[in-house]
Amino acid sequence: MRGLSLTARLGLLFAACTAAVSLIAGVLFSRASEAHFIELDQQLLEIRLEAFRALVSGVDSPATLTPRLEALQAELRLHPDLTLRLEGHDGRYWFNSADGLRAPARDGLHDWQQDGTNYRVLSEPLRPEDPASPRLALALDITHHQHFLERMQRLIWLTVGLSALATALLGAWAARSGLRPLHRMAEVAAGVSASSLTTRLTDDPVPQELVELVRAFNAMLGRLDDAFQRLSAFSADIAHELRTPLSNLLTQTQVILSQDRDVDEYREALHSNLEELQRLAQMVGDMLFLAKAEHGLLATRREPLALAAELDTLLDYFSPLAEDRQVTMTRSGEALLSADRSMLRRALSNLLDNALRFTPEGGRIELNLASDSRGLSLTVANSGPEVPAELLPRLFDRFFRADPARREGREHAGLGLAITRSIVRAHGGEIRCESADGWTRFILEFPAP
């Protein structure tokens, strides 16, 4: 069975079930027919035996039987399939209509076979109340019954074979028709490539049992298509982000090498190249960090942290930049979190840096901590222009900028928010952004320990 197809297995299973049911039904019908024949034969023998008992009533010796032989033979000629035998108490035959029949004289109904002929015999005393009474034995030829039962058995076997074959063929056809959606799914899966991820299966003609499978298959194709699109966009973004510093390095190096220069000019060129190389190294490091996060390879060294103290430390670090831009930063609330200190500081630094860049002069940045039985919430909010609602779902994409035309900070490659989300998820939390009423809020939520 291991090498057979599913269609062949179902066909054989249907055939086996049909054969078993047909065989059981045939055997039961055959047994019922045989029991019915026995009942009919017994009724016939009992009726005829009473008739013959009436003809030989009062007979107590062969001599007294002689006057009644003619009546017995006349009655027997009316029933050619019956054989009558009368024997004395000593076992001697007084009368036997078939000399060759030697069925034993047993009380009741029993079967006997002699010379290829089957008989059903009913034997009883002529006078049941007399222990020395002669015995009557009436035999019925049941050969035609046996032939009928044999033909029925052959018909049963023929029916079992034909029904099994027909069911196997019909079952294979039904299974093949029912599995057609699976073949279609296999064709679609075989044809899936980078250019055909938009193909989908329809669930209209699909059996109810396969609808969930079709939907799951379509959902898988949708995820693959989305992942491929994001990978393509990511590759294009990487090429775009790396092209500028590499072009700057090549151009500046070619200019410096175009003619002899003094040591100070070479030193200045090397410092400029170093800045570009540091930017490239930071970008490569960030991309490696995101790759580890996507594959669940970030190793977090968790420890209990007082988030209020951590936020105060970061506010002190960013306060000079905030004072230069006349931005007010405040913090409220208390909370404890088991987290990796360095990773958490990196995530919060990205959020504060992002808030400072997009908060206008004289604006405000508010950090709020809240915790309850359901978990912990940390909100980083800044006043300023609202982010369009259609851009909110993409803020955490790699290399995404809300304003692609702005390139004011070359040190910002558009990976900060993506890294922040990876760190938050590595700690079992989620992050989302809301922008309304002149405020943009990044809300970090962590489950209760």
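In this predicted model, Ser371 finds its bridge partner in strand E10, namely Leu376. With two residues between them, E9 and E10 make a hairpin. E10 also pairs with strand E12 (residues 439–447), again in the antiparallel sense, this time over nine bridges. As for burial, strand E10 (residues 375–383) is largely enclosed by the rest of the structure, because eight of its nine residues are buried.

Next, the empty space. Rolling a probe the size of a water molecule over the atoms shows where such space is left. The structure turns out to hold two cavities of 30 Å³ or more. The second largest cavity comes in at about 30 Å³, and its lining consists of Glu34, Phe37, Arg120, His145, Gln146 and Leu149. Helix H1 (6–55) and helix H4 (143–178) are the elements that give two or more residues to this lining, with H4 giving the most, three residues. Sorted by class, the lining of the second largest cavity splits into two nonpolar, two polar and two charged residues.

That leaves the cysteines. A disulfide is a covalent bond between the sulfur atoms of two cysteines. With a cut-off of 2.5 Å between cysteine sulfur atoms, the count comes to zero disulfides. Cys17 has a relative accessibility of 44%, so it counts as partly exposed. Cys433, on the other hand, is buried, its relative accessible area being 12%, which is under the 20% cut-off.

Terms used
Residues numbered from 1 in each chain as written. Predicted model: local features only at pLDDT ≥ 70, side-chain atom pairs only at ≥ 80, totals over all residues. Heavy atoms only, no water. 1 Å grid on protein atoms, 1.4 Å probe; cavity = no way out; pocket = protein on both sides within 12 Å on 5 of 7 lines; lining within 4 Å. Points joined across faces, edges and corners; volume = space filled by probe spheres on them. Helix = DSSP H or I, 4+ residues; strand = E, 2+ residues; numbered from the N terminus. Nonpolar A, V, L, I, M, F, W, Y, C, P; charged D, E, K, R; others polar. Buried < 20%, exposed > 50% of the residue type's maximum accessible area, 1.4 Å probe, protein only. Pairing = 2+ DSSP bridges.
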